[in-house]
Amino acid sequence: MTIERIKPGPIMSQAVAHGDRVYLAGLVAADLDADTKGQTEQILAKVDELLAAAGSDKSKILKANIWLTRSEERRAGKGCEEVWRSRWSPYH
């Protein structure tokens, strides 16, 4: 099996495809001053882009970890959840 590195950088790639699996690196928003909802939108757009580059899509996601780092962001987690459900619910 081959390994396809997507958007490789000097240390690691943004995504790696191996066989029928795609692994994404940890992603952060480009605009760190955006609110939780805005950052979530930015990150999910990156995920869509990387999955498409690997020939996959969000319907095949098995697991996702979401890290909200600041206490105010954790309290604003509903914003993250709202964006996730509106864009990524497997039931839409």
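User: Is Ser 13 buried or exposed?

Analyst: Residues are sorted by relative accessible area: buried is under 20%, exposed is over 50%, and partly exposed is in between (1.4 Å probe, protein chains only). Ser 13 has 10% relative accessibility, so Ser 13 counts as buried. The model is a predicted one, in which local features need pLDDT of at least 70, side-chain atom pairs count only at pLDDT 80 or more, and totals for chains, interfaces and linings use all residues. Residues are numbered from 1 along each chain as its sequence is written, and side-chain values use heavy atoms, with hydrogens and water left out.

User: Which residues does Ser 13 touch?

Analyst: Contact means heavy atoms within 4.5 Å. Leaving out residues up to four places away in sequence, Ser 13 touches Arg 5, Ile 6, Lys 7, Pro 8 and Ala 25.

User: In which strand does Ser 13 lie, and what is the bridge partner of Pro 8?

Analyst: Strands (E, at least two residues) and helices (H or I, at least four) are DSSP runs, numbered from the N terminus. Ser 13 lies in β2 and is the bridge partner of Pro 8. Ala 15, also in β2, is the bridge partner of Ile 6.

User: How many bridges join β1 to β2?

Analyst: Strands of a sheet pair through backbone hydrogen bonds, either parallel or antiparallel. Here two strands count as paired if DSSP finds at least two bridges between them. β1 and β2 (residues 13–18) are joined by 5 bridges and run antiparallel.

User: How many salt bridges does the count come to?

Analyst: A salt bridge requires a side-chain nitrogen of Lys or Arg within 4 Å of a carboxyl oxygen of Asp or Glu. The count by this rule is 4. One of them pairs Lys 37 with Glu 82, with the closest N and O atoms 2.9 Å apart. This pair links distant parts of the chain, since Lys 37 is in helix α1 and Glu 82 in helix α3 (residues 77–88), 45 residues apart. Lys 37 is partly exposed at 34% relative accessibility, and Glu 82 is partly exposed at 46%.

User: How far apart are Arg 85 and Glu 81 in helix α3?

Analyst: Arg 85 and Glu 81 are 4 residues apart, which means a separation of about one helical turn. They form a salt bridge whose closest N and O atoms are 2.9 Å apart. Arg 85 is exposed, at 53% relative accessible area, while Glu 81 is partly exposed, at 39%.
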